[in-house]
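Please read the questions below with the sequence and the coordinates at hand.

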Amino acid sequence: MVSGTVERVFREEYGRAVSVLVKTFGNIDLAEEAVQEAFAAALQRWPDGGAPPSPAGWIITTARNHAIDRLRREARRAEKHAEADLIYNVPPDETDDRLQLIFTCCHPALARHAQVALTLRLLGGLTTPEIARALLVPEPTLAQRIVRAKTKIRDAGIPYRVPRAADLPDRLAAVLAVVYLIFNEGYAASSGGLVRDDLCAEAIRLGRMLRRLMPDEPEVAGLLALMILAAARRPARVDESGGLVPLPRQDRSRWDRDAIAEGHRLVRECLRRGRPGPYQIQAAINAVHTDAPSAGATDWGQIVRLYDQLMMVAPSPVVELNRAVAVAETDGPDAGLRLVEGLPLPGYHVFHAVRADLLRRAGRLSEARAAYETAAELTGNTAERDYLLTQRSALSPPVS
């Protein structure tokens, strides 16, 4: 189906197309509008003649032509026409356009939440609802953040480039947060099916690029290790029908052992540096999981200790929730429930899913059914919803 091809190209190439046009024209709104017009044109033209040999190149060329036409229409001086004519030949740059766009969106003049939201929008091609779910904020709030961020970039004349080496450390935290959120949206998509491989691959690609750019920064290596180790489990996370397979039930023979070996090497490199950070600790937690030959052989005591360390360097309710899961494995479901109850995560479906599982294991079945129902209502991911509703149904009392 041509529409399916267009959708695939959108998912895979939207971020690259926008970044190329931002570099060319220096205008984010113009770039986004031109790329969207190009995809609309593809939906109209490709059904008749078929998709072109290079769909991504066609999109970028068509978008650039749309942008040039718009500049010409809006131009009021001859210089603008000359500028539009010169844009056809943009000199190549050795630095990836998307990496430049990430650092532009993560400029310190922007608030952190705006940096993350804008980069997810421009680099990942995520919709406003998808980003809002990823960041756990209302859609109107998210939309306002994106508009204000783009306006600030335009009005402040924020440059489109990778910053100087001296400025990189101050800009790194936001960039890493963006890359990790892109990976998370791919690993457990906020809507539709369980996994979006294109986003996972894009996040890992950006992580590798950051590592080449900053080889001595341990948090870059930590984030890359975290993503690689999580992605290594991907073949076993989904069954033949596309359903979710939770970690304890996964067939570990299907895990990508080469990826796990690479992730473990990166974790060991981080340990030798002795400068622990949140991504390195999370990578170490994943290393413990992937080191266990079976779910029953998992060293949960070590995982609890790692979460204790993570709570010291990056405390948050989500970290507390994940720590409670580990504590439940060492001390039982009631101990985990005591840590979970009262966490300020009412709109987070994973909170209710964890609580439901702990209630089920504690024998509080009616409460578990209600928690599974709430979790299913809050997730937009169809595979997760189906799994949660199946778990709830399994606890339903028999019909008399």
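The questions and answers that follow concern a predicted model.

Q: Leaving aside neighbours within four places in sequence, which residues are in contact with L21?
A: When its neighbours within four places in sequence are left aside, the residues in contact with L21 are G26, A31, A34, V35, I60, A63, R64 and A67.

Q: Are α9 and α11 roughly parallel or roughly antiparallel to each other?
A: The axes of α9 and α11 are 11 Å apart, and the two helices pack at an angle of about 0 degrees. Angles under 35 degrees count as roughly parallel and those over 145 as roughly antiparallel. The two helices, α9 and α11, are therefore roughly parallel.

Q: By class, how many nonpolar residues does the contact of α9 with α11 have?
A: From α9 the contact takes L172, L176, V179, Y180, F183 and Y187, while α11 supplies E219, V220, L223, L226, M227, A230 and A231. Sorted by class, this contact has no polar residues and one charged residue, and its nonpolar residues number twelve.

Q: Are α11 and α13 roughly parallel or roughly antiparallel to each other?
A: Helix α11 covers residues 218–232 and helix α13 covers residues 257–273; their axes come within 8 Å and cross at roughly 155 degrees. The crossing in which α11 passes α13 is left-handed. Angles over 145 degrees count as roughly antiparallel, and α11 and α13 are therefore roughly antiparallel.

Q: How many charged residues are there in the contact of α11 with α13?
A: On the α11 side the contact is made by P218, A221, G222, L224, A225, I228, L229 and A232, and on the α13 side the residues include E262, H264, L266, E269 and R273. The residues of this contact divide into twelve nonpolar and three polar, and the charged ones number three.

Q: What is the handedness of the crossing of α15 and α16?
A: Helix α15 (residues 300–313) packs against helix α16 (residues 317–331) at an angle of about 155 degrees, with the axes 9 Å apart. That angle makes α15 roughly antiparallel to α16. The crossing of the two helices is left-handed.

Q: What distance separates the C-alpha atoms of D331 and G301?
A: D331 has its place in helix α16, and it is exposed, with a relative accessible area of 57%. Along the chain D331 and G301 are 30 residues apart, and their C-alpha atoms are separated by 9.8 Å.

Q: Does R208 count as buried, partly exposed or exposed?
A: R208 lies in helix α10, which spans residues 197–213, and, leaving aside neighbours within four places in sequence, R208 is in contact with L224, I228 and E262. Buried means under 20% relative accessible area and exposed means over 50%, with partly exposed in between. At 33% relative accessibility, R208 therefore counts as partly exposed.

Q: Leaving aside neighbours within four places in sequence, which residues are in contact with Q391?
A: Q391 lies in helix α20, which covers residues 382–394, and at 11% relative accessibility Q391 counts as buried. With its neighbours within four places in sequence left aside, the residues in contact with Q391 are R249 and Y372.

Conventions:
Residues are numbered from 1 along each chain as its sequence is written. This is a predicted model: local features need pLDDT of at least 70, side-chain atom pairs count only at pLDDT 80 or more; totals for chains, interfaces and linings use all residues. Side-chain values use heavy atoms; hydrogens and water are left out. Contact means heavy atoms within 4.5 Å. Axes are lines fitted to C-alpha atoms, for helices over the stretch in contact, and angles run from 0 to 180 degrees between N-to-C directions. Helices (H or I, at least four residues) and strands (E, at least two) are DSSP runs, numbered from the N terminus. Angles under 35 degrees count as roughly parallel, over 145 as roughly antiparallel, 65 to 115 as roughly perpendicular and the rest as oblique. A crossing is left-handed if the near helix is turned anticlockwise from the far one by less than a right angle, and right-handed if clockwise. Buried means under 20% relative accessible area, exposed over 50%, partly exposed in between (1.4 Å probe, protein chains only). Ala, Val, Leu, Ile, Met, Phe, Trp, Tyr, Cys and Pro count as nonpolar, Asp, Glu, Lys and Arg as charged, and the others, Gly among them, as polar.
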